[in-house]
Number of protein chains: 2
Amino acid sequence: VTPLRWEGDRLQVLDQARLPQEEAWRECRSGADAAAAIAEMAVRGAPAIGITAAFGLVLDARAGRDLAAAASGLCAARPTAVNLAAAVQRVLDAGPDPAAMEREALALWEEDRRSCTAIGRAGLERVPKGARILTHCNTGALATGGDGTALAVIREAHRAGKLGMAYCTETRPWLQGARLTAWELGRDGIPRTLLVDSAAASLMKAGGIDLVGVGADRVTRCGDVANKIGTLTLALAAHAYGVPFYVALPLTTLDLELHSGDAIPIEQRGGDEVRAWRGVRFGEPDTPVYNPAFDVTPAHLVTAFITDAGVVPPPYGSWPSRGA
Amino acid sequence: VTPLRWEGDRLQVLDQARLPQEEAWRECRSGADAAAAIAEMAVRGAPAIGITAAFGLVLDARAGRDLAAAASGLCAARPTAVNLAAAVQRVLDAGPDPAAMEREALALWEEDRRSCTAIGRAGLERVPKGARILTHCNTGALATGGDGTALAVIREAHRAGKLGMAYCTETRPWLQGARLTAWELGRDGIPRTLLVDSAAASLMKAGGIDLVGVGADRVTRCGDVANKIGTLTLALAAHAYGVPFYVALPLTTLDLELHSGDAIPIEQRGGDEVRAWRGVRFGEPDTPVYNPAFDVTPAHLVTAFITDAGVVPPPYGSWPSRGA
């Protein structure tokens with residue numbers, strides 16, 4: 001599974017809003033197209049939207065469009081993940097030569113692919129034999145430039161014969177777990193079981209989960225974690241029932257300029273994501289909705305971080321340097 | 001809003017599987033019809049299914065059908081709520097005269113109506129001015145013979161001018177919060193906001209909730225609470241962030257024969273409730289699903305019980321007697 005295809009003069013994006021019913025590709029020919037694909041969640045996952053934005057900028061550079069405007073449009077597409085702004089800045093810095101910017105975008109993608117592999121391997125030491133691993137949202141190939149973050153650990157555990165079961169929360173409102181993670185694992189022949197988000201606590205209470213592994217959209221210096229809405233809920237339940245709670249991320253998801261998670265901007269999305277699904281109404285159109293896309297899990301609920309530079313245990317504050 | 005209509009020779013059930021799109025009534029002319037309406041969740045909520053089962057038995061008594069078979073079919077329709085078996089037993093005990101059984105069923109309904117009113121009034125003392133109350137599932141008129149349980153407290157707070165906002169979790173997989181609670185509150189002009197189940201913890205963390213109020217399907221002697229899946233999750237978050245967590249119930253929902261919640265049978269439902277909604281697929285048909293309908297919240301997470309005989313604070317173990 002690869003969610004992105006770079007064709008030199010366009011970026012093809014596997015439309016994740018239409019999975020798993022349909023495998024349709026959406027063509028991006030400009031930074032604006034890429035920003036729209038990100039905002040509408042045709043592509044999602046912190047690393048994958050960073051790569052998409054990088055190529056969006058390359059497309060505008062090739063067409064001689066205003067790069068400052070392109071960069072700000074791309075960064076505004078989704079505010080929470082730190083990778084998006086960092087990728088845009090990195091490709092901007094390589095400019096203005098479009099060929100140099102393209103090389104930078106390809107390098108960024110390749111580095112993310114290697115990061116995923118490294119995360120999977122680093123996480124393996126924390127996986128007991130026969131592990132029943134609970135994961136949230138989609139942190140797999142669809143969300144990254146490689147095998148995934150938390151899902152790379154699940155893949156690696158499966159390869160090593162240590163995986164008992166991957167439990168996937170459905171991840172309301174956008175159903176990344178039901179539509180993307182269960183599908184991705186199923187295609188790769190990895191045992192998986194789907195559950196509603198709010199069934200996870202009872203499964204942990206019953207001793208049915210050995211560890212929780214999630215991804216991250218932004219991690220602060222002190223280890224606070226912005227991630228898909230519902231992550232905090234899982235962390236609280238894991239803490240209550242003594243289940244190890246791991247956050248898997250490439251170091252590019254670290255935001256060392258922020259100390260506390262309180263400073264992370266949390267994207268609020270429209271109410272129709274909750275009130276309806278593909279035209280089928282759950283709630284009435286005039287029902288007011290509270291729909292934050294992310295929440296912040298405090299560092300003290302995280303057993304350890306699994307990074308592309310190895311496992312980072314508490315206390316959090318000093319991190320491996322990138323490329324170390 | 002009234003989910004049931006008794007017409008002497010049939011029970012009309014407002015089909016809650018079709019709300020809010022359609023207000024359709026489903027006719028029950030036998031105990032088997034009533035059991036099917038309960039199993040398929042055309043009617044749900046511990047008190048409402050008790051009343052439905054009571055009239056199902058009356059219908060079979062009038063038709064001269066086998067009452068033992070009828071009773072066991074009704075009790076098997078859903079195993080977790082204690083009210084169902086208790087209502088069936090009570091109407092059986094009034095038999096075999098169908099007229100006496102009908103009077104008993106009507107009395108049971110009337111008592112539940114009065115219980116709801118008493119619960120609403122009892123809860124008011126725990127509601128601060130401007131309260132932002134989070135509730136789960138549907139515990140309103142649709143779930144009971146009257147104003148509801150936890151929703152009766154919200155209604156009473158609104159009447160008393162103390163309600164700031166009623167936050168309704170959507171309550172996956174069956175969406176009782178989105179489809180029923182938000183609809184019921186909207187019809188009564190009560191301010192409400194809908195959110196996905198897993199957004200509740202972040203709202204509590206941000207100080208946005210003053211108290212949580214939920215219903216119950218069965219409460220044991222020591223105060224363990226079987227209720228809609230997701231209740232435990234909310235209780236853990238409330239505990240973590242110091243938000244009072246109340247469980248509202250008529251005393252008929254107490255099961256004094258059980259000490260611990262571990263002994264409560266938890267209904268497991270089919271995977272299609274999670275994989276699809278009204279023919280729209282979220283996950284692939286072959287995805288394995290874990291779909292428990294209820295979870296058990298341990299007594300130590302409950303701030304107090306709000307009953308039709310007043311507020312019951314900890315330690316739990318001695319309860320007001322029924323009709324006291």
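Q: What does "buried" mean for a residue?

A: A residue is buried if its relative accessible area is under 20%. The model described here is a predicted one.

Q: Which residues of H4(B) are buried?

A: In H4(B), the buried residues are B:Val82, B:Asn83, B:Leu84, B:Ala87, B:Val88 and B:Val91. Their cover includes helix H1 (31–39), H2, helix H3 (67–77), H5, strand S8 (218–220) and strand S11 (254–255) of chain B.

Q: What makes the reach of helix H4 of chain B close to the expected one?

A: Helix H4 (residues 82–94) of chain B has 13 residues, for which 18 Å is expected at 1.5 Å a residue. From its first C-alpha to its last the helix reaches 19 Å, which is close to that value.

Q: How many aromatic pairs are there over all chains?

A: With ring centres required to lie within 6.5 Å, the count over all chains comes to twelve aromatic pairs.

Q: Why is the pair of A:Trp6 and A:Phe55 called tilted?

A: The planes of the two rings stand at 35 degrees, and their centres are 4.5 Å apart. Planes under 30 degrees apart would count as stacked and planes over 60 as edge-to-face, so an angle of 35 degrees makes the pair of A:Trp6 and A:Phe55 tilted.

Q: Why is the pair of A:Trp6 and A:Phe55 said to tie together parts of chain A?

A: A:Trp6 lies in strand S1 (residues 4–6) of chain A and A:Phe55 in helix H2 (residues 46–62) of chain A, so the pair ties together parts that are 49 residues apart in sequence. Both A:Trp6 and A:Phe55 are buried.

Q: What makes the pair of B:Phe55 and B:Trp109 edge-to-face?

A: The planes of these rings stand at 75 degrees, with the centres 5.7 Å apart. The cut-off for edge-to-face is over 60 degrees, so the pair of B:Phe55 and B:Trp109 is edge-to-face. B:Phe55 belongs to helix H2 (residues 46–62) of chain B and B:Trp109 to helix H5 (residues 98–123) of chain B, so the pair joins parts that are 54 residues apart in sequence.

Q: Why are B:Phe55 and B:Trp109 called buried?

A: B:Phe55 has a relative accessible area of 0%, and B:Trp109 has a relative accessibility of 9%. The limit is under 20%, so B:Phe55 and B:Trp109 count as buried.

Q: What makes B:Arg179 a charge over the face of B:Trp174?

A: B:Arg179 lies 4.6 Å from the ring centre of B:Trp174, over the face of the ring; the distance limit is within 6 Å. In chain A, A:Lys228 lies over the face of A:Phe294, at 4.6 Å from the ring centre.

Q: Why does A:Arg218 count as buried?

A: A:Arg218 has a relative accessibility of 11%, and the limit is under 20%, so A:Arg218 counts as buried. A:Arg218 lies in strand S8 (residues 218–220) of chain A.

Q: What makes the approach of A:Arg218 to A:Asp255 a polar contact?

A: The distance limit for a polar contact is within 3.5 Å, and the contact between the side chains of A:Arg218 and A:Asp255 is at 2.8 Å. A polar atom of the side chain of A:Arg218 also lies 2.9 Å from the backbone oxygen of A:Thr80.

Q: Why is A:Asn83 called buried?

A: The relative accessibility of A:Asn83 is 6%, and the limit is under 20%, so A:Asn83 counts as buried. A:Asn83 lies in helix H4 (residues 82–94) of chain A. Polar contacts join the side chain of A:Asn83 to that of A:Thr252 at 3.4 Å and to that of A:Thr253 at 3.1 Å.

Q: Where is B:Thr171, and why is B:Thr171 called buried?

A: B:Thr171 is in the loop between S5 and H7 of chain B. At 0% relative accessibility, against a limit of under 20%, B:Thr171 counts as buried. The phi of B:Thr171 is near 70 degrees, a positive value in a residue other than glycine.

Q: What area is buried between chain A and chain B?

A: The area buried between the two chains is about 4,100 Å², of which carbon and sulfur atoms give 65%. A:Ser198, A:Phe282 and A:Tyr290 supply 17% of the area that chain A buries against chain B, more than any other three residues.

Definitions and conventions:
Residues numbered from 1 in each chain as written. Chains lettered and ligands numbered in written order. Predicted model: local features only at pLDDT ≥ 70, side-chain atom pairs only at ≥ 80, totals over all residues. Heavy atoms only, no water. Phe/Tyr/Trp six-rings, centres within 6.5 Å; stacked < 30°, edge-to-face > 60°. Helix = DSSP H or I, 4+ residues; strand = E, 2+ residues; numbered from the N terminus. Buried < 20%, exposed > 50% of the residue type's maximum accessible area, 1.4 Å probe, protein only. Lys NZ or Arg CZ within 6 Å of the ring centre and 35° of its normal. Polar contact = N/O pair within 3.5 Å; in protein donor to acceptor, adjacent residues only side chain to side chain. Buried area = accessible area lost by both parts, 1.4 Å probe. Expected span 1.5 Å × (residues − 1). Contact = heavy atoms within 4.5 Å.
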